[in-house]
Amino acid sequence: MADVTTAGQNSLRTGWDNDETGLAPAQVGAADFGQLFSAAVDGQVYAQPVVAGGIVVTATENNQVYGLDAATGAQRWHANFGPAWPVSTVNCGDLTPTIGVTSTPVYDPSTGTVYLTSKVNDGPDPQHPHWYMHALDARTGAELAGFPTTIKGAPTNNPGVPFNPMTAMQRPGLLLLDGVVYAGFASHCDYTPYVGYVIGVNASTGKQTTMWSTEAGVSDEGGIWQAGSGLVSDGSGRIIVATGNGLAPAPGPDDRPPATLGESVVRLGVNADGSLTAQSFFSPHDNTQLNQDDADIGSGGPMAIPPAYGNAAHPRLIVQVGKDGRIYLLDADHLGGSGQGPGGSDNVVDMVGPFQGVWGRPGFWGGDGGYVYVVGNTGPLRALKYSASDASLTSVGTTMDNFGYSSGSPVVTSDGTTSGSALVWVVYTTGPTGENAQLRAYDPVPVNNVLRLRYSAPIPTAAKFSVPATDNGRVYVGTRDGHVLAFGRPTTAPLATKPYDFGSAAAGSTANGTVTVTANQNLTVSAVSAEAPFGATLSAPATLTKGQTLSVPVTYSPTTWGSSTGTLTFTTSAGTTAMDLHGQGTQPGLGATPASLDFGQVRTGAAKELGVSIINTGTTAETITGVTAPTGSFTAQNTPSAGSVLAAGASLTIPVTYTPTNGSDTGVSESTQLVVTSDQGSVSVPIKGTALTGRPELTLDPPVLDFHTVAPGTSVTKKFTVSNTGTVPLTITKAKAPAGVFTSAQPLAEGQVIPPGDSLAQEVTFTPADAYPATAVYQVTGDDGNAAQSVTLNGNTDPITDYYNQLGGARGSYLSDPVSGQYDTPGGGKAQDFRGGTIYWSAATGAHTVIGTVLEHYKALGGPGGPLGYPITDELPTPDGVGRYNHFSRADGASIYWTPRTGAWSIMGQIRAKWSSMGWEAGPLGYPTTDEYTTPDGVGRYNHFDKGSSIYWTPQTGAQEIYGMIRDRWAALGWERSYLGYPTSGEFSYDGGRRNNFQHGYIQWYPNGTVIDRRW
């Protein structure tokens, strides 16, 4: 039994389940193939179910997770992740009313663990929810040790913009790669601020390993949404995602990713430390127009073609399609960058279309030479033939009818690559409400350009972009009304039914048919009903025994050409049973899908492309006799030549481009038409657009980027914003980053396009080599017709004001208001006076305050020009809590010490060094009571201290302390003028007492109080 472990069947996201003999066309076409069960769950099911060892793991938007028996739907276990988050918090109507588990889980068969993410309303208010990564035992639903993990932090490539759990939305299916579970994030309805993220969580420990953002330096957009399609991996250490919105890359010389990656396909590499780095990218040449038109390439998820189907030139290939309907074939190793093709076009392996836009991922079938499938929005399921020899895609067929918005992505089942064993499964909806939904299966190879419908069954309200899961001969679908449906053999429905196809019927006629159903139990059929253009009648209630059949007349009355789908409902005593009805209305001539083209507003000088499909709506081949191309600013490409033949039901796509040249600020309307004529009729396609001139406007904010005071050798990074405040896209034509102490690791790219209303954050780093003021400019020019603008970069230009503000400024600092301006001080310094003191600054010392009595004494000594130099500390308290002091920059050291009793006195040089070595004021000398003075003989220097002590210094004797009774005797003898001269030692123990040596003798003190002085 093969499990369904992940979104899209595998990490390539092909949707190809190649081991499903139980879903072969013959099995699905059997009379007893149908619904097996409908299991009710609490909440909408947006996440594709996964199948793990016979358990269907289903999660809902109410944060409820279920383990259902894969055969019966019986509940095996249930887990509750906590209160779901109310989406009304951000006023988003995409998915209401609550968000819980939205993305498809991933299952690890080697450990039996299923991983899920949930948004939980467990913060103090709805503005502070949490995102969690869970790990459950698939057999029991128990949470594993180390989980759940709270998703938090900031991306490694944009640490200044932390993860915002309120605005973040986790829609893409999870990826398990090399022991790490990866999840992609976008937003709710583009509610800002948001940014696209990829996060990783260790599958064993629950530790978050990484967070990477799509828009480094930008606070919002670049979301990874992909309509729920999973993150792709085509090999170890490789992750591929698609982004929408945001600041898109500018044209460049290669595919090295820039910092901003909106509207891009991005390949990430996993580094040795688990972090992620963008290694290659592709962004369409008209990415800015796509963003402006909300035609995001990221509405679709990438799909990797299996490596066995690559070739020597392109061993790894990616298929990507978004809202504009162009289908790109990309080299996964070198995705193509932006605007690198001829004439600034796209450097891709192949491109086909544009067809209808796609919300989802492609599907792949490896049999019959290889096919790729996409579901168009309000368009058909399209089959494209893949050629490995030249790595190309060719549209070869479509379904007869169109799929409504929010239909799902294709899934392919087969028995390996055996021809005739495959089916393409899709959840069909008529529109965004999900009503009248069906599970459909088509033959994989078109015949006469048409994909044949093999099976269909009605399902309740479909979730948006719902994708079925296939396993062991069964198909599982989650619904918006809180159910999980299973289809297979034998059906358990009251009646065994098969979809009925009327085939073709001319518009205005009525086709008749008969539907036959078989009772699976004893019951009574009381009524039948069908909605127009279908009809059904039951002449009288019919009582059936098990195995008995009932035939019901049905009709199909198309009013126009095109496909019709409806439901035939049987009301029985055992409940209701529904089956699908299909028909194709025909009329000679041609039709168009869409019926008209509206380009909306397009700025002059830009170009926008849409596609229209011309369809043979008749039952016989038609010959094209002519084409009338659109005029004015509209052009058509690939128009059919006269004499070409279009088979019955076949179609061709004509791309139309709008390139307005004359417009206005409010817009100039333009219109034309495309006419295609055949031998049986013609079709006219109205075309319109509005030419908008407007103008871009470059705005830099702030005009001055002040780094304030930065220590030499350290770095500070700041940002300024480059915005387009105009009404049309702005192109950066010149950007001159600074050099020297100001640098920019990711300079602003010339050619960068900024859509109207968007902005980017440009980083600049200041790394001063010294403390002197530094100034530079970052110059930027745009195509707005204005001269170059500059952001002035300042560093260390006003350290006094910086320090003043750091201390609290006028209202928060002990300095209070300034009483002077800044003024020059000796040696190139600066100072400023305040009510509470003065700030002094020099390049060598930085800014420091001096206040009170210490300031008065400092100024009396000459301030910075005096013997002390500049302060190197603010005024600080002494450890004993009694005194205050400042240290100063004098080469051999200087300080001023103050106490209420002693006042303020300076001490410096070798005397200060001696005092310091003895423990400063806490030592035996106490606080200074004098400045350093010169002795009367002019030879020595000294300070006195408050504990009856002194330090004397001469060049011959050095600095020596003297205190107590020895100092008293020396003083009585006349100090240094006595016969002893200057002390040559400090006080030391000797002969049971204490002694100081002098130049010409000594003084000895004994414990009995005796003090003697002697010559040598």
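**Salt bridges across the chain**

I looked up D1013 and found that it forms a salt bridge with R969, with 2.7 Å between the closest N and O atoms; the term stands for a side-chain nitrogen of Lys or Arg within 4 Å of a carboxyl oxygen of Asp or Glu. D1013 belongs to strand β79 (residues 1011-1015) and R969 to helix α7 (residues 964-973), so the pair ties together parts that are 44 residues apart in sequence. Helices (H or I, at least four residues) and strands (E, at least two) are DSSP runs, numbered from the N terminus.

I note that this is a predicted model, in which local features need pLDDT of at least 70 and side-chain atom pairs count only at pLDDT 80 or more, while totals for chains, interfaces and linings use all residues. Residues are numbered from 1 along each chain as its sequence is written, and side-chain values use heavy atoms, with hydrogens and water left out.

For burial I took under 20% relative accessible area as buried, over 50% as exposed and in between as partly exposed (1.4 Å probe, protein chains only). D1013 is buried at 17%, whereas R969 is partly exposed at 25%.

I then looked up R326, which forms a salt bridge with D286 at 2.8 Å between the closest N and O atoms. R326 lies in the loop between β22 (317-321) and β23 (327-331), and D286 in the loop between β20 (276-283) and α2 (287-292), so the pair ties together parts 40 residues apart in sequence. R326 is buried at 5%, and D286 is buried at 16%.

By this rule I record 27 salt bridges.
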